[in-house]
Amino acid sequence: MKTLFASTPALRRAHAVFRLACAAVLLAVSGCTTVEGVTTTALAGRAVEHVVTGQGRPTVVFENGLGGQLQWWGKVLPDVARETTVFAYNRAGTGDSAAAPPPRDGAHIVEELRQTLRAAGLAPPYVLVGSSLGGLYVQLYARRHPEEVAGLVLVDSTHPLQLHGAGALENWPAWLRVMLDSTASPATQQELDALDATGQQVLALPPYTAGPVVVLSAAQPMRETSTPLARDSNAKRADIVRLYPGAQQVWVDSGHVIQLEKPEAVVAAVRDVLARVRGGSAPAR
């Protein structure tokens with residue numbers, strides 16, 4: 001394993017960057033504001049760890065990234081809850097939410113979310129906020145059910161073609177693939193296995209144009225251009241806005257997990273979408 005991690009200078013650099021990124025995320029998580037009111041109850045026939053707070057419409061729904069938990073939104077939720085109702089949850093098999101059988105592709109996850117929201121008494125339309133892989137899920141939700149979505153905020157979202165070209169899994173550093181295989185939970189692994197299928201589901205449907213879309217993109221990773229994988233990832237980071245005519249792209253001086261590093265940017269984007277929805281550019285249905 002030692003030679004695997006140090007086989008080339010590029011891999012050594014990637015490993016160092018990854019370790020620093022992990023340390024930064026762990027520090028950020030440890031410093032997260034505790035999310036008050038989190039509960040685990042049966043919703044749509046399954047135990048779901050979630051929180052509902054605030055009041056007003058439209059409800060803002062937060063969707064986690066791969067392996068992420070609702071607590072990662074801890075510095076965002078209180079400010080948004082002052083504006084309207086918010087809902088954050090852990091997907092099946094994450095945190096205290098009960099596992100669900102595969103496949104764990106976007107189509108199944110979107111329908112589970114719809115049922116969960118209704119069971120919680122939260123009616124559409126929603127402003128959907130998705131981070132990383134959660135961004136891909138909310139893209140699919142908006143394209144499949146545009147009448148239920150008032151607006152979108154994509155937080156350094158996964159691209160529908162993330163695993164194509166130089167981004168294919170076989171091009172990832174070997175140490176990273178080994179780490180994923182050895183540490184990912186079953187739910188995380190199943191979602192990763194279905195990532196490309198989810199991306200194809202997104203692209204098979206017309207773009208979402210029924211409401212405002214804000215794309216938050218992490219600027220710090222754009223400085224890494226030494227490998228084909230990094231260049232491909234950054235090209236896709238810049239390309240997402242093209243998928244949504246009229247969308248606004250905001251570059252944030254942050255790493256990938258913007259809600260931990262620059263939560264104020266997420267709050268500002270949500271407030272912007274809420275203002276446009278309530279101002280009549282995308283009226284609530």
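Helices (H or I, at least four residues) and strands (E, at least two) are DSSP runs, numbered from the N terminus. With that in hand, here is the tour.

You're looking at a predicted model, where local features need pLDDT of at least 70 and side-chain atom pairs count only at pLDDT 80 or more, while totals for chains, interfaces and linings use all residues. Residues are numbered from 1 along each chain as its sequence is written, and side-chain values use heavy atoms, leaving out hydrogens and water.

**Stop 1: two cis bonds**

Select P125, in the loop between α4 and β5 (126-131). A cis peptide bond links P124 to P125, with omega about 5°. Now go to P103, in the loop between β4 (86-89) and α4. The bond from P102 to P103 is cis as well, with omega near 5°. Why stop for these? Most peptide bonds are trans.

**Stop 2: across to A194**

A194 sits in the loop between α7 (186-193) and α8 (195-203). Is A194 buried or exposed? It's buried, because its relative accessible area is 11%; buried means under 20%, exposed over 50%, and partly exposed in between (1.4 Å probe, protein chains only). Show its neighbours too: leaving aside residues up to four places away in sequence, A194 touches R104 and D105. Contact here means heavy atoms within 4.5 Å.

**Stop 3: along α8**

Move on to α8 and colour L195, T198, G199 and V202, which are buried. They cover an arc of only 100° around the axis, so they lie on the same side of α8. That arc is taken from the directions from the helix axis to the C-beta atoms.

**Stop 4: two positive phi values**

Next, pick A44, in the loop between β1 (39-43) and β2 (46-53). A44 isn't a glycine, yet its phi is positive, at about 55°. Most residues other than glycine have a negative phi. A44 is partly exposed, since its relative accessible area is 44%.

Finish at S132, in the loop between β5 and α5. S132 also has a positive phi of about 55° and isn't a glycine. What about its surroundings? S132 counts as buried, because its relative accessibility is 13%.
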